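Work through the exercises below with the structure open. Each task is followed by a stepwise solution.

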Amino acid sequence: MTPFGLVLLLSAISIISAIIFGKNQSDTVSDSILINLSHWQQGFFGLLEFTLQMMIILVLGYSMAIYKPIYDGLKKLASYPNTQLQAVLLTALITMLSGLINWGFGLIVGAVLARFMTMAQQEKNKNPNPALLASAGYLEMAIWHGGLSASAPLKVAEKGHFLDLKIGIIPVSETIFSPFNIFITSGLIFLFLGTLWILSKNEKNQYVQIHTKPIKPISNANSFGLASLVGLLMLAIGIFFLFKNDAGIGALNLNTINFLLFGISLFAYKNLSRFTEAVTEGIKSSADIFIQFPFYAGILGVLQASGLIEKISLFFLNNSTETFIPLITFSSAAFVNLLIPSGGGQWAIQGPILVEVGKSFNLPIGKLILVFAYGDQISNLLQPFWALPLLAITGIPAKQLLKYCFWLFLVGFTFLALAIFFFF
């Protein structure tokens, strides 16, 4: 089933569930159907701001990944490793660090670097393992939700976010930059590198049929133009007001990140036409967000208006203890991500439930959001939705990629579950 097919299925399930279990059960079936369809229609555009934020962060991240100096730098970097092990570890490390900066940027950097590493190793007659390199290039999707473009932590750091009335503003100092997140994200990176070392040492390289599509790097203009001046001004304004805020870097949110990314991209390309060309390429990669997020918003509208969110929250309250709520949150987020392959869309649906449960048990909401984020990110290794650009660029079949991602998921899931249980 396609990702769009999944969201349609989820929409149908949410409406049917609301008709059967919602608070309108006293109405006739026909009235209940109309009421819940109305809730779905009214909620359909309830996350327009969030949708655009997610599109911008992916589009600008993509545009920077195909920026020719970065593209050429990745190609040169790929020439340094002399062994398969070196190539795999370097690909994974650069990919994960890039993903912590921006998930859209890291996704394309990992794909391009994995492709270049394969080509460089072949030129050196080293018989590379393209599938293992591709899995290393996909690892940023397993750590991104603890980085600077983390959608859930950044969203709750905004004034007026859709859960503001219930939890207020939670600064990134309590989420992304918290010792809890730094410890767990750092540990996850080292663990993934160790797992790849073992896989690389024990896996015999096999021939893999590759069908790659060309990726077009875009160079900047030869001289500074209006775009560079506007970009420099945006960077100056963004940095000034960020540090003018008493919270400093703790005041980061999605709008701040996107504003700074806009400035960086404009300054880098120097010319408005080159910038527009790069953004046009990036927009192609954001089509799924544009199509699917309104359906997630519709699902949220049905769940909220029908009272199902409250019922689900009460189920957790009546069948859980404070000790196991974080683990249940983590596991449920990992599972739901297989059905809703979008951190932003998933937070829109699960966020209200987690907030109600967390408040009832007096749990630190910032930490609970991080636990949700870890569950969302780790099961990306089993969900090929975001791997589509990587598969197209590297030419690796999905089943070959998932063969290695399964082991990375197993190790990462176990580590995160233990860390959450002992350190939450």
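**Exercise 1.** Determine how helix α14 and helix α17 are oriented towards each other, and which residues form their contact.

Solution. In this predicted model, take α14 as residues 287-305 and α17 as residues 343-360. Their axes lie 9 Å apart and form an angle of about 5°. Angles under 35 degrees count as roughly parallel, so α14 is roughly parallel to α17. Next, list the contact: α14 contributes F293, Y296, I299, L300, L303 and Q304, and α17 contributes G344, G345, A348, I349 and P352. Finally, sort these residues by type: eight are nonpolar, three are polar and none is charged.

**Exercise 2.** Describe the largest nonpolar core and one of its residues with the most contacts.

Solution. The largest nonpolar core holds 115 residues. Y138, F192, I378, L381 and L401 have the most contacts inside it. Helix α6 (residues 103-123) gives the most to this core, namely 12 residues. Now take Y138: leaving out residues up to four places away in sequence, its contacts include L107, W386, L390 and C405. Another core, of 12 residues, lies apart from the largest one; among its members are A333, L354, I365 and F372.

Note on methods
Residues numbered from 1 in each chain as written. Predicted model: local features only at pLDDT ≥ 70, side-chain atom pairs only at ≥ 80, totals over all residues. Heavy atoms only, no water. Axes fitted to C-alpha atoms, helices over the stretch in contact; angles between N-to-C directions. Helix = DSSP H or I, 4+ residues; strand = E, 2+ residues; numbered from the N terminus. Parallel < 35°, antiparallel > 145°, perpendicular 65-115°, else oblique. Contact = heavy atoms within 4.5 Å. Nonpolar A, V, L, I, M, F, W, Y, C, P; charged D, E, K, R; others polar. Core = buried A, V, L, I, M, F, W, Y, C linked by side-chain atoms within 4.5 Å. Buried < 20%, exposed > 50% of the residue type's maximum accessible area, 1.4 Å probe, protein only.
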